[in-house]
Amino acid sequence: MTTTQTSVVQDLGTLAHRLSHPAGARCVCEPPQVLADRPDGTVVRSGAIVAKAHAADSDHEALAARIALAAAPQLTGILLPPLTAPGRSLTAPEPSGGPQHPEPSGPPAPAPRPVTLWPLGAPVDPTDPEAAPWAEAAVLLARLHRTEPPFRLPAMRGPAKAARAVARMRAALPGDPAVLPVLAGWRALPAWARGEVPAPARRSGFLCHGDLHLGQLVRHPAPDGPWLLIDVDDAGTGDPAWDLGRPAAWYASGLLAPEYWFAFLDAYRSAGGPAVPADGDPWAELDVPARALTVQTAALALAKCAAEQRRPDEHEQLMIESCARIATLPPELAADHAS
């Protein structure tokens, strides 16, 4: 962990501790716990408070709109609401050491990272796949997709994140033939799924999460409250099928057992989700998002392997091989899905 990362983690822990610790009470808190530490999201817990530092290059106006969405009454019971008031969400912790200890001269200091505060929820247990809340996640998505956007929102960032993953892979492995299947799958996608043009108008007005996976659900209040969706950094308006794309990709590649996929799909349909038809074949709508998220997953896997100087594991290799199959999709089919 770099000095800057350590500073961010310490500052977030201090901020969360101050809010979770009653003034004047004797402190019996455990040390702050790092839940995640990535450039696009450092998350630290102290007591019942979670502090998150968002990416330094976040669009502050768009992020403020997304935090306000999580706080909107229309999303009660769907999204975990923030503790941060929407109008005060974009504050950053003071660097460790305070202003009286300026950094030595050298490269410019990193841009401050926006910080938001959240109540603690109980996450999905990764060691118990049979208890994974696939049906509950599907119902939450259907309710989200059926909700009219309460105010003007930015576009859902799913395609932009896929493009960023491919760029990261290219930078990590320049000229490496290992990236060729992933790039072939990427080129087979329509332009909207690569984030180059807006999504088709008939599919672009729905309220979407933008980055759905089981890590985006928590029970609140912990440990036995109802499931809620978290992490609205990519939320906005767009094609609701994108939110079904990752489990669809996992099912298509053999990573998600059929019984879990069909429980997810059936629950979504039963809850009136608009991303797919109420019956019949769902793949006319799911195919492009599933392929895009397959490429994104494979690209991130290759970039991670390069950083860790290792070969892809079995699951990563499955996604990479799926990209090669994606590249064989007839161009006219991709064109049909882009319309």
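A search of the whole structure turns up 15 salt bridges, each one a side-chain nitrogen of Lys or Arg within 4 Å of a carboxyl oxygen of Asp or Glu. Keep in mind that this is a predicted model: local features need pLDDT of at least 70, side-chain atom pairs count only at pLDDT 80 or more, and totals for chains, interfaces and linings use all residues. Residues are numbered from 1 along each chain as its sequence is written, and side-chain values use heavy atoms, with hydrogens and water left out.

**Salt bridges**

- Lys161 and Asp234 pair up through their side chains, at 3.2 Å from N to O. Lys161 sits in helix 4 (residues 158-172) and Asp234 in the loop between strand 8 (227-229) and strand 9 (236-238), so this bridge ties together parts that are 73 residues apart in sequence. Helices and strands here are DSSP runs numbered from the N terminus (helices: H or I, at least four residues; strands: E, at least two).
- Asp234 is buried, with a relative accessible area of 3%. On this scale, buried means under 20% relative accessible area, exposed means over 50%, and partly exposed is in between (1.4 Å probe, protein chains only).
- Lys161 and Asp234 also belong to a network of salt bridges that links them with Arg157, Asp211 and Arg246.
- Arg291 and Asp287 form another bridge, at 2.9 Å from N to O. They are four residues apart in helix 8, which means about one helical turn separates them. Arg291 is buried at 5% relative accessible area, and Asp287 counts as buried too, at 17%.
- Glu316 bridges to Arg310, and their closest N and O atoms are 2.9 Å apart. Glu316 is buried (12% relative accessible area), whereas Arg310 is partly exposed (31%).

**Helix 8 and what follows**

- Helix 8 covers residues 283-308, and its 26 residues should span 38 Å at 1.5 Å a residue; the end C-alpha atoms are 35 Å apart, which agrees. The expected span is 1.5 Å times one less than the number of residues.

- As background, most residues other than glycine have a negative phi, and most peptide bonds are trans.
- The His220 to Pro221 peptide bond is cis, with omega near 0°. The Ala222 to Pro223 bond is cis as well, with omega near 5°.
- Pro221 is in the loop between strand 7 (217-219) and strand 8, and Pro223 is found in that loop too.

**A negative patch on the surface**

- Asp125, Asp128, Glu130 and Glu259 gather in a surface patch of negative charge. Patch members have over 30% relative accessible area and no salt bridge, and like charges are joined within 9 Å.
- Asp128 sits in the loop between strand 5 (122-123) and helix 3 (134-146), and counts as partly exposed at 34% relative accessibility.

**A buried loop residue**

- Thr84 is in the loop between helix 2 (60-71) and strand 4 (115-119), and is buried at 10% relative accessible area.
- Thr84 and Trp118 are 34 residues apart in sequence, with 7.1 Å from C-alpha to C-alpha in space.

Conventions: Patches are made of residues with over 30% relative accessible area and no salt bridge: like charges are joined within 9 Å, nonpolar side chains (Val, Leu, Ile, Met, Phe, Trp, Tyr) within 5 Å. Accessible areas come from the Shrake-Rupley method with a 1.4 Å probe; for residues, only the protein chains shown count as cover. Lys and Arg count as positive and Asp and Glu as negative; His and the chain ends are not counted. The place of a charge is taken as NZ of Lys, CZ of Arg, CG of Asp or CD of Glu.
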